[in-house]
Amino acid sequence: MRVLVTGVKGQLGHDVVNEMEKRGLTPVGVDLAEMDITDKEACDRVITEANVEAVIHCAAYTAVDAAEDNVDVCMKVNAGGTRNIAEVCKKLGIKMMYISTDYVFDGQGTRPWEPDDERHPLNVYGQSKYEGELAVEELVEKFFTVRIAWVFGVNGKNFIKTMLRIGKERGAASVVDDQIGSPTYTYDLARLLVDMIQTDKYGRYHATNEGLCSWYEFACEIFRAAGMDVKVTPVHSDEYPAAKAKRPMNSRMSKEKLTENGFEHLPEWKDAVARYLKEIIW
């Protein structure tokens, strides 16, 4: 199977390409230099010439706080760029997988979000990804929308790398303890996405590593698993002035649809953290 993967220099795109190659599939990896997703004509030309059966769209503007001050850029990439790709997939009649986020929900309550729940984003980034979802659903017949959260991978910046740096520099960290969700290791996620793109089980899905935690508990586990003696202080979201964008308090996401369609759930999140640390530290 031949699949075009956007955002190949990012955490997830990098791992998706590696996973495809391991399985003897043919990824066509592109990033900004090969295809500017905000350029409609470039999307049409590159995807058409690639002669692929599907697109896995991992590229995105992901600077959540910066998006509050760069609304036009964020929307142009996440909403407009996704629409450009969706229009080509529609024209060619090929599959499209769109990687979305828990931020499309308002984060209220405590029950896990279902894939088909109403979407009410809290911030610019969430709104831009929501508009991307709408474009895919409007245009593409054979689509997968896969929502993920709290992402970490080898190839890029993430919360784990930030915590390790702060722990080494300061020996202490303050982390919010009132936002609950599940981390997502891109290595584990890539395996699921490659499984999924080879099927016709279309629709919206949620995919994170198993288990729940707060960001505070996530940080504590990172330091424990890394063997670092770092004092972690829990704080409430409203005591954390560095965050410009409002975050969802409840990022619990139901993954029953994976089970219903015969897909394996990702491993437990603490196991994923331990395996990841071995990749980047030891």
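Let's start with Val 77, which sits in helix H4, residues 71-92. Keep in mind that this is a predicted model. Val 77 counts as buried, because its relative accessibility is 18% and the cut-off is under 20%. So who does Val 77 touch, leaving out residues up to four places away in sequence? Ile 37, Thr 38, Ala 60, Tyr 61 and Thr 82. Take Tyr 61: it's 16 residues from Val 77 along the chain, and their C-alpha atoms are 6.2 Å apart.

Next, Glu 133, over in helix H5, residues 124-139. Buried again, this one with a relative accessible area of 0%. Skipping neighbours within four places, its contacts include Tyr 98, Ser 100 and Val 104, and also Arg 119 and Arg 147.

On to salt bridges in general; the count is 19. One of them pairs Asp 65 with Arg 247, at 2.6 Å N to O. That one ties together distant parts of the chain, 182 residues apart: Asp 65 is in helix H3, and Arg 247 is in the loop between strand E13 and helix H9. Asp 65 itself is partly exposed, at 23%.

Then there's Arg 275 with Asp 188, closest N and O atoms 2.7 Å apart. Here helix H10, with Arg 275, is linked to helix H7, with Asp 188, and the two residues are 87 apart. Buried or partly exposed, which is Asp 188? Buried, at 4%, while Arg 275 is partly exposed, at 26%.

Note on methods:
Residues numbered from 1 in each chain as written. Predicted model: local features only at pLDDT ≥ 70, side-chain atom pairs only at ≥ 80, totals over all residues. Heavy atoms only, no water. Helix = DSSP H or I, 4+ residues; strand = E, 2+ residues; numbered from the N terminus. Buried < 20%, exposed > 50% of the residue type's maximum accessible area, 1.4 Å probe, protein only. Contact = heavy atoms within 4.5 Å. Salt bridge = Lys/Arg side-chain N within 4 Å of Asp/Glu carboxyl O.
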